[in-house]
Amino acid sequence: MKKKKWLAAAVMLVLVVFAACDDSDGAAAVTSDMTGMEARTVVPEITGGQAEDGEVNYVYAEPVEMVVYYSNGRADGLEKETLEVTGMTPEEIIHNLSRHNIVSIDTKVLGFTKREADAQGRLVLELDLSKAFGEYLRTMGADGEGVILAALTNTFLENYQADGLLLTVDGGRLETGHGTYEGEFVYQKLGMDHK
């Protein structure tokens with residue numbers, strides 16, 4: 001009888017964790033134990049598609065470091081911060097860039113690929129952003145546009161250890177009042193301020 005009550009309590013706990021989790025592509029959840037210890041990210045792992053006997057194994061996700069470049073206070077150079085995140089994805093990078101107004105909060109990643117560009121093994125990223133990014137960029141002056149493109153480029157290149165970035169907006173080339181961008185972006189120093 002005690003085993004059934006324990007199993008029912010465990011199933012309820014799992015259901016509460018899944019209900020609290022609103023992550024459609026990974027079902028990651030943040031939980032803390034009853035002793036008040038710090039919260040840790042856990043990812044449910046079900047092998048073979050279905051857990052046997054209703055058991056779900058949890059694996060603690062190891063945090064990774066993400067570097068985010070953003071405009072300095074004078075808007076004439078870049079600063080950078082290092083964050084701990086549970087996964088390096090283009091969506092997570094865009095989310096953190098939006099916190100620094102490098103992209104608008106409604107900017108979405110429509111496509112992202114990594115490929116070797118030549119025989120030397122240069123890694124090039126191809127990033128397609130929603131039209132919200134192009135609209136946001138067109139509201140900037142020439143200097144602001146340069147800072148935004150440098151911050152976006154440097155953030156992606158450093159986090160993916162890549163050599164170049166091909167940027168498109170809604171599947172097409174990026175055009176603003178200050179230029180048309182069709183080529184590959186590379187790392188830009190642009191008045192780096194170090195903290």
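**View 1. Helix α4 and its span.** The expected span of a helix is 1.5 Å times one less than its number of residues. In this predicted model, helix α4 has 19 residues and reaches 27 Å from its first C-alpha to its last, which is close to the 27 Å expected at 1.5 Å a residue. Of these 19 residues, 14 are buried, so α4 is largely enclosed by the rest of the structure. After α4 comes Gln-161, a residue whose phi is positive, near 50 degrees.

**View 2. The whole protein.** The secondary structure comes to four helices and eleven strands, and buried residues make up 33% of the 195 residues in the protein. Among contacts between residues at least 6 apart in sequence, 52% join residues that are at least 24 apart. The protein exposes about 12,200 Å², and carbon and sulfur atoms supply 52% of this area.

View 3. Four strands, in the order β6-β7-β8-β11, form an open sheet whose pairing is mixed. Its edge strands are β6, with residues 109-116, and β11, with residues 184-185, and each of them pairs on one side only. Helix α4, made of residues 142-160, lies across β6, β7, β8 and β11 and runs at about 130 degrees to β7.

**View 4. Strand β7 and its two partners.** Strand β7 (residues 123-129) pairs with strand β8 (residues 164-169) in the parallel sense, over six bridges, and within this pairing Asp-128 has Thr-168 in β8 as its bridge partner. With β6, in contrast, β7 pairs in the antiparallel sense, over seven bridges, and here the bridge partner of Phe-112 is Leu-127 in β7. In the hairpin of β6 and β7 there are six residues between the strands, and Gly-121 takes a positive phi near 80 degrees.

**View 5. Leu-149 in helix α4.** Leu-149 has its place in helix α4, and it counts as buried because its relative accessible area is 3%, where the cut-off for buried is under 20%. Leaving aside neighbours within four places in sequence, Leu-149 is in contact with Phe-133, Leu-137, Leu-167, Leu-174, Tyr-181, Phe-185 and Gln-188. One of these residues, Phe-185, is 36 residues away from Leu-149 in sequence, yet the two are 8.6 Å apart in space, C-alpha to C-alpha.

**View 6. Ser-130 in a loop.** Ser-130 lies in the loop between β7 and α3, the helix of residues 131-137. Is Ser-130 buried or exposed? At 11% relative accessibility, Ser-130 counts as buried. Beyond its neighbours within four places in sequence, Ser-130 is in contact with Asp-106, Thr-107, Lys-108 and Leu-110, and also with Val-169 and Asp-170.

**View 7. Ser-98 in helix α2.** The place of Ser-98 is in helix α2, which runs over residues 90-98. With a relative accessible area of 12%, Ser-98 is buried. Which residues does Ser-98 contact, leaving aside its neighbours within four places in sequence? The residues in contact with Ser-98 are Val-103, Ser-104 and Ile-105.

Note on methods:
Residues numbered from 1 in each chain as written. Predicted model: local features only at pLDDT ≥ 70, side-chain atom pairs only at ≥ 80, totals over all residues. Heavy atoms only, no water. Pairing = 2+ DSSP bridges. Helix = DSSP H or I, 4+ residues; strand = E, 2+ residues; numbered from the N terminus. Contact = heavy atoms within 4.5 Å. Axes fitted to C-alpha atoms, helices over the stretch in contact; angles between N-to-C directions. Buried < 20%, exposed > 50% of the residue type's maximum accessible area, 1.4 Å probe, protein only. Areas by Shrake-Rupley, 256 points an atom, 1.4 Å probe, with all protein chains shown as cover.
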